[in-house]
Amino acid sequence: MQVNRRQFVVGAASAASAFVLPAHLLAGTNDDISPFNVSHHCPSGIEWDFVNKINAYRVENGVGKLQMSRSLAAAARHHAYYSSRTDDVDHTLGSKSWVDNIYDYGYPQGYHMGENVLAGRQSSSGALSLWKTSAPHNKNMLDPAWTRIGVGRVYYAAGYYDFYWCTTFGSVSHRTITSC
C-alpha cells in the first residue's frame, strides 16, 4: 500500500501536572532556540496565522481565544525541529517527554498542558483541517482550560514529510507575546 507522505498525523497528548539536540546541530539555523535564548524566540508568520485560525475556530465553537506564549512557542518549535531532523513524529524527543520539553523552555510546572503534533501539511489551514478530523486533536484545540498556545512549524526538505508541526497548550499566563 502506498502512503501519501503529505498526510501523516500522530496523536494528541495532555497532562495535568529527550533528547535535546546538541548545540552544533542547531547552530546557524533559524531554529536555533534553547532555554537560554527563549526570550528572543519570535514565531514565524505562518505560526501567527495558525493562532488566528485556531482562535476563529474556537470562537465558532464558543471557546475563548488563545494568546501566544513565548515559552510554549519555543518548546513547540524545538519539538517540530526535532521531528524534522529525526522523522520521529510523536510525543517524545528521543528519551525526553513532551512535558519535559515544555518545562525546559521555562513554562511553569504543575499546570494543565497539552500538545498536538503532525507532519506533512504545508499550510496552517491544512494543519488545522487535519487536526479537526481527529477527535483527540480536536478536543485539545477546543479545550476551554487552555488560555495560551505555542506553535512550531519547520520545513525540512531532507525530511520524509517536509513540513513538521507542533502546538503546545497551557492554562497559565506565561511570557505572553502579541508581536515581535
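Guide: Helices and strands are DSSP runs, numbered from the N terminus: helices are H or I with at least four residues, strands are E with at least two. By this rule D162 lies in the loop between β6 and β7. The model is predicted, so local features need pLDDT of at least 70 and side-chain atom pairs count only at pLDDT 80 or more, while totals for chains, interfaces and linings use all residues. Residues are numbered from 1 along each chain as its sequence is written, and side-chain values use heavy atoms, with hydrogens and water left out.

Visitor: How many helices and strands does the chain have, and in what order do the elements run?

Guide: There are six helices and eight strands. Starting at the N terminus, the order is β-α-α-β-α-β-β-α-β-α-α-β-β-β.

Visitor: What share of the residues is buried?

Guide: Buried means under 20% relative accessible area, exposed means over 50%, and partly exposed is in between (1.4 Å probe, protein chains only). Of the 180 residues in the chain, 51% are buried.

Visitor: Which residues have the most contacts inside the largest nonpolar core?

Guide: A nonpolar core is a set of buried Ala, Val, Leu, Ile, Met, Phe, Trp, Tyr and Cys residues joined through side-chain atoms within 4.5 Å. The largest one here has 22 residues, and those with the most contacts inside it are F50, I54, W131, M141, I149, W165 and F169. At least two core residues come from each of α2 (45-60), α5 (124-132), β6 (148-155) and β7 (163-170). Helix α2 gives the most, with five residues.

Visitor: Which residues does M141 touch?

Guide: Contact means heavy atoms within 4.5 Å. Leaving aside residues up to four places away in sequence, M141 touches F50, I54, Y57, R58, N116, L128, W131, K132 and F169. There is also a second, separate core of 12 residues, which includes A74, I102, Y105 and M113.

Visitor: How many salt bridges are there?

Guide: A salt bridge is a side-chain nitrogen of Lys or Arg within 4 Å of a carboxyl oxygen of Asp or Glu. The count by this rule is three. In one of them, R77 pairs with E47, with the closest N and O atoms 2.8 Å apart. R77 lies in helix α3 (residues 70-86) and E47 in helix α2, so the pair ties together parts that are 30 residues apart in sequence. Both R77 and E47 are buried.

Visitor: Where do K53 and D49 lie?

Guide: Both are in helix α2, four residues apart, about one turn of the helix. K53 is partly exposed at 27% relative accessible area, and D49 is partly exposed at 28%. A further salt bridge joins K96 and D104, with the closest N and O atoms 2.1 Å apart. K96 is buried at 13%, whereas D104 is partly exposed at 30%.

Visitor: How many aromatic pairs does a search of the whole structure find?

Guide: A pair of aromatic rings is described by the distance of the centres and the angle of the planes. Rings of Phe, Tyr and Trp (its six-membered ring) pair if their centres lie within 6.5 Å; planes under 30 degrees apart count as stacked, over 60 as edge-to-face and the rest as tilted. The search finds six pairs. F50 and W165 form a tilted pair, 5.7 Å centre to centre with 50° between the planes. F50 lies in helix α2 and W165 in strand β7, so this pair ties together parts 115 residues apart in sequence. Both F50 and W165 are buried. W146 and F169 form a stacked pair, 5.7 Å centre to centre with 15° between the planes. This pair links distant parts of the chain, with W146 in the loop between α6 (135-141) and β6 and F169 in strand β7, 23 residues apart. W146 is buried at 1% relative accessible area, and F169 is buried at 0%. F50, W131 and W165 form one aromatic cluster.

Visitor: Which residues other than glycine have a positive phi?

Guide: Most residues other than glycine have a negative phi. Among those with a positive value are D87, with phi near 55°, and D162, with phi of about 70°. D87 is in the loop between α3 and β3 (92-93) and is partly exposed at 33%. D162 is buried, at 7% relative accessibility.
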